[in-house]
Amino acid sequence: MIAPLPSSVNHAVGRSPFNPDCDDLYQGWRTRKLAVYPTSLDELMVPVADGFALTPDERASVLLAVERANIALYQLPPGCARDKLVIRQLGRQFGLERLDSNLCADDDGITSLHVVEKRRVGEYIPYTSQRLNWHTDGYYNSPQQQIRGVILHCVQPAESGGENAFLDHEIAYIHLRDQNPDLVRALMAPDAMTIPPNVQNGEQLRPEQTGPVFSIDNGGHLHMRYSARTRNIIWKADAVTQAAAECLLNLFQQDSPYIFRHRLEAGQGVISNNALHCRTAFSHSDKGQGRLLYRARYFDRIADIEQDG
Ligand SMILES: [Fe+2]
């Protein structure tokens with residue numbers, strides 16, 4: 001039986017480092033977190049010989065990277081970049097099973113991200129070559145369909161540009177909470193951030209979604225639902241929520257040592273607990289194939305599951 005999807009709504013938060021009322025737990029967790037946080041993206045890169053069957057060491061390295069920063073990078077051997085099956089299988093080895101087959105996913109539930117000249121109904125900015133602002137994936141999904149895990153895999157980079165930046169959402173949480181726990185409290189409110197409905201040609205493709213920015217899942221992990229876009233995001237109108245949103249924007253504008261920038265090469269990918277990320281603009285011409293990435297979004301979080309065999 002498939003377990004019910006976790007909700008992003010904060011029910012009874014209870015004792016947790018992420019509960020703004022539990023300062024003792026928070027301080028201990030914060031110290032441990034920052035002590036092992038990587039100083040460069042190289043520490044999170046794991047060369048993988050066979051994506052279909054990781055060695056115990058490769059698996060352990062990915063899990064360790066994710067534990068430290070909610071992000072791991074992998075590098076497949078040359079010639080494997082184009083295979084979507086390897087992405088599916090790679091995810092399964094970390095408990096990433098339940099794909100979000102959104103409006104634009106291909107038949108196999110994995111989305112091919114490439115520039116399309118003419119947008120189909122409901123298509124969003126990832127299908128253009130423009131800059132993409134800081135966000136977590138699926139921030140417009142319902143509370144029951146929040147995206148917990150993501151694989152972003154590069155088949156072919158752009159000729160120039162298309163660099164990603166990544167930031168562990170737990171670091172964003174620390175940034176806010178250290179300034180004032182009330183900022184975190186405001187972003188944990190169930191009405192903190194609203195995404196208006198997606199209406200195209202009079203047809204509603206997705207209803208309005210209201211929910212918290214930070215929530216704690218059933219396993220006690222921190223989840224973040226966020227977009228730095230100014231259009232189509234409605235922040236709760238009170239002063240604390242507005243200040244919290246401003247505080248996050250400030251974090252992204254700083255040259256923070258916690259932000260990692262990287263341009264994915266062919267065969268490289270990111271496996272993450274839906275950490276914050278953004279993308280620079282990239283060059284695109286009609287000649288040649290251009291930038292192509294595969295994106296798999298899951299309702300599952302990365303887990304250390306038992307392997308067969
Ligand atoms: Fe994204």
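1. How many bridges join strand E5 to strand E15, and in which direction do the two run? In this predicted model, four bridges join E5 to E15 (residues 268–272), and the pair runs antiparallel. Within that pairing, Val150 stands opposite Ser272 of E15.

2. E5 (residues 149–156) has another partner, E17 (residues 292–298). Seven bridges link E5 to E17, again in antiparallel fashion. Val150 takes part here too, with Arg297 as its bridge partner in E17. E5 is mostly covered: seven of its eight residues are buried.

3. Helix H6 spans residues 239–253, 15 residues in total. From first C-alpha to last it reaches 21 Å, close to the 21 Å expected at 1.5 Å a residue.

4. Which residues of H6 are buried? They are Thr241, Ala244, Ala245, Cys247, Leu248, Leu251 and Phe252. These residues lie on the same side of H6 because they cover an arc of only 155 degrees around the axis. An α-helix has 3.6 residues a turn, so residues three or four places apart point the same way. On the face of H6 turned away from the buried side are the exposed residues Ala239 and Gln253.

5. Ala65 is in helix H2 (residues 56–69). Is Ala65 buried or exposed? Its relative accessible area is 2%, so Ala65 counts as buried, the cut-off being under 20%. Leaving aside residues up to four places away in sequence, Ala65 touches Leu44, Asn70, Ile71 and Ala72. Val36 is 29 residues from Ala65 in sequence, with a C-alpha to C-alpha distance of 9.9 Å.

Technical notes
Residues are numbered from 1 along each chain as its sequence is written. This is a predicted model: local features need pLDDT of at least 70, side-chain atom pairs count only at pLDDT 80 or more; totals for chains, interfaces and linings use all residues. Side-chain values use heavy atoms; hydrogens and water are left out. Buried means under 20% relative accessible area, exposed over 50%, partly exposed in between (1.4 Å probe, protein chains only). Contact means heavy atoms within 4.5 Å. Two strands pair if DSSP finds at least two bridges between them. The expected span of a helix is 1.5 Å times one less than its number of residues. The arc is that of the directions from the helix axis to the C-beta atoms.
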